[in-house]
Amino acid sequence: MKDTKEIDNELIVNNIVSGIQEKKGKQIVIVNLTKLKDAPCSYFVICEGDSNVHVSSVAFSIKDYVSDKIKINPFAVDGFENSEWIALDYGQIIVHVFQRPARLYYDLEHLWGDADIHFIENLN
């Protein structure tokens with residue numbers, strides 16, 4: 001597998017978004033943290049699913065899609081036990097797949113509200 005430093009972060013983010021859309025993940029947001037001094041990474045990609053089954057399906061789709069298309073696997077994943085919030089760590093990109101109640105509670109987009117935030121329109 002390739003080191004994520006060898007591949008442009010935006011290419012990885014675009015493939016993550018495609019993996020989300022493959023399983024109809026909703027309310028996709030890309031949070032670009034590159035201009036913030038104390039950010040934990042360069043990008044957050046945040047989305048949601050309707051149930052624990054949908055959330056885990058979206059997360060598996062991201063892993064499979066990114067691995068198949070650009071040969072990158074996450075360094076770590078967490079949250080599959082209950083699938084309320086699954087995080088996939090791609091180094092400078094962290095993906096958060098939430099169920100709606102958990103997403104509203106943690107409100108990551110607004111926690112990093114001074115970052116550049118890009119909303120992706122839902123696919124029908």
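## The β4-β5 hairpin

Three residues sit between the strands in the hairpin of β4 and β5, and Gly91 there takes a positive phi near 85 degrees. Strands here are DSSP E runs of at least two residues and helices are H or I runs of at least four, numbered from the N terminus. β4 and β5 run antiparallel and are joined by five bridges, with Trp85 standing opposite Phe98 in β5.

A word on the model: it is predicted, so local features need pLDDT of at least 70 and side-chain atom pairs count only at pLDDT 80 or more, while totals for chains, interfaces and linings use all residues. Residues are numbered from 1 along each chain as its sequence is written, and side-chain values use heavy atoms, with hydrogens and water left out.

## The sheet

Take the six strands together and you get an open sheet, ordered β3-β4-β5-β2-β1-β6, with mixed pairing. Two strands pair if DSSP finds at least two bridges between them. At the edges are β3 (76-78) and β6 (116-120), each pairing on one side only.

β2 and β5 pair in the parallel sense over seven bridges, and Val45 stands opposite Val95 in β5. β1 and β6 run antiparallel with five bridges; in that part of the sheet, Ile30 stands opposite His118 in β6.

Leaving aside neighbours within four places in sequence, Ile16 is in contact (heavy atoms within 4.5 Å) with Val45, Ile62, Val66, Tyr90, Ile93 and Val95.

## A serine in α2

Ser67 belongs to helix α2. Is Ser67 buried or exposed? Ser67 counts as buried because its relative accessibility is 15%. Its side chain joins that of Asn73 in a polar contact of 3.2 Å. Such a contact is a pair of N or O atoms within 3.5 Å; within protein, one must be able to donate a hydrogen and the other to accept it, and residues adjacent in sequence count only if both atoms are side-chain atoms.

How values were computed: Buried < 20%, exposed > 50% of the residue type's maximum accessible area, 1.4 Å probe, protein only.
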